[in-house]
Amino acid sequence: MKNSFSDLNYDELLTKQEELKRQYREARFNKVIGHLENPLELRTLKRSMARVNTIIHEYKLRIRGGDE
């Protein structure tokens with residue numbers, strides 16, 4: 001899972017970023033309610049969001065190839 005984001009282009013990364021934010025918000029809500037099945041899910045979602053944000057930032061700095 002760590003390297004699965006590096007294959008995506010800029011537009012796909014933005015879509016993935018929104019999807020991960022939505023999943024994290026839902027997991028946080030479920031944790032408060034008490035229905036979170038896997039408590040480690042929050043940590044893995046946060047780390048995935050950080051990976052996606054890092055790659056998006058690299059595109060903005062033109063470290064990664066391609067146009068925005």
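The model is predicted, with local features requiring pLDDT of at least 70 and side-chain atom pairs counting only at pLDDT 80 or more, while totals for chains, interfaces and linings use all residues. Residues are numbered from 1 along each chain as its sequence is written, and side-chain values use heavy atoms, with hydrogens and water left out.

The protein chain contains 2 helices and 0 strands (DSSP runs, H or I of at least four residues for helices and E of at least two for strands, numbered from the N terminus). Its radius of gyration, 14 Å, is well over the 11 Å given by the globule rule for 68 residues, so the chain is more spread out than a compact globule (C-alpha atoms; the rule is 2.2 Å times the number of residues to the power 0.38). The C-alpha trace spans about 45 × 20 × 15 Å along its principal axes.

The structure holds 3 salt bridges (a side-chain nitrogen of Lys or Arg within 4 Å of a carboxyl oxygen of Asp or Glu). Lysine 16 pairs with glutamate 19 at 3.8 Å, N to O; both lie in helix α1 (residues 10-33), 3 residues apart, about one turn of the helix. Glutamate 26 and arginine 22 form a salt bridge at 3.1 Å and are 4 residues apart in helix α1. Glutamate 26 is partly exposed at 43% relative accessibility, as is arginine 22 at 38% (buried, under 20% relative accessible area; exposed, over 50%; partly exposed, in between; 1.4 Å probe, protein chains only). In the salt bridge between arginine 64 and glutamate 58, the closest N and O atoms are 2.6 Å apart.
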